[in-house]
Amino acid sequence: PELRADPELVLAAVRQCGAAFLCAGKEMRTSCSFALEAVRQNRGALPYVAEELQVDMDSILEFTNEERQDDRDFVLQAVRKSWRALQFASSCLRADDVIVLEAVHQCWEAVRFA
């Protein structure tokens, strides 16, 4: 259990096999930033990302690029596809009224990412 909480060890395993993401501790599997890093290391980790972090494959791959996290047009398009994309946006865009409203129209739970 202790090794499952070691981010370096988990990422080393994910680099070899995306399914290794399943072995990560719950806190890491549900961490937005850690999930993006795992997918950045190996796209094969994408199916193993926690359900609450799941957005469409193209969007999450784009979000691994930090510049896209701050691209208002891209984030708005991603949020229109899935309200859960809001959690991957930069903090500045998570405070954008238009983007947050778009997400909340889909699901009230999006408020927790604003």
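These entries record what I looked up in a predicted model.

**Basis.** I number residues from 1 along each chain as its sequence is written, and side-chain values use heavy atoms, with hydrogens and water left out. Because the model is predicted, local features need pLDDT of at least 70 and side-chain atom pairs count only at pLDDT 80 or more, while totals for chains, interfaces and linings use all residues.

**Arg-84.** I located Arg-84 in the loop between α6 (72-81) and α7 (97-106); helices are DSSP runs of H or I, at least four residues, numbered from the N terminus. I found Arg-84 partly exposed, because its relative accessibility is 22% (buried is under 20%, exposed over 50%, partly exposed in between, with a 1.4 Å probe and protein chains only). Not counting residues up to four places away in sequence, Arg-84 touches Glu-51, Glu-52, Gln-54 and Val-55 (contact means heavy atoms within 4.5 Å). The C-alpha atoms of Arg-84 and Glu-51 are separated by 9.9 Å, at 33 residues apart along the chain.

**Cysteines.** I found zero disulfides (a disulfide is a pair of cysteine sulfur atoms within 2.5 Å). I noted Cys-92 as exposed, with a relative accessible area of 54%, and Cys-107 as buried, with 15%.

**Val-75.** Leaving aside neighbours within four places in sequence, I listed the contacts of Val-75, among them Phe-63, Ala-89, Leu-93 and Ile-99.

Notes:
Helix = DSSP H or I, 4+ residues; strand = E, 2+ residues; numbered from the N terminus.
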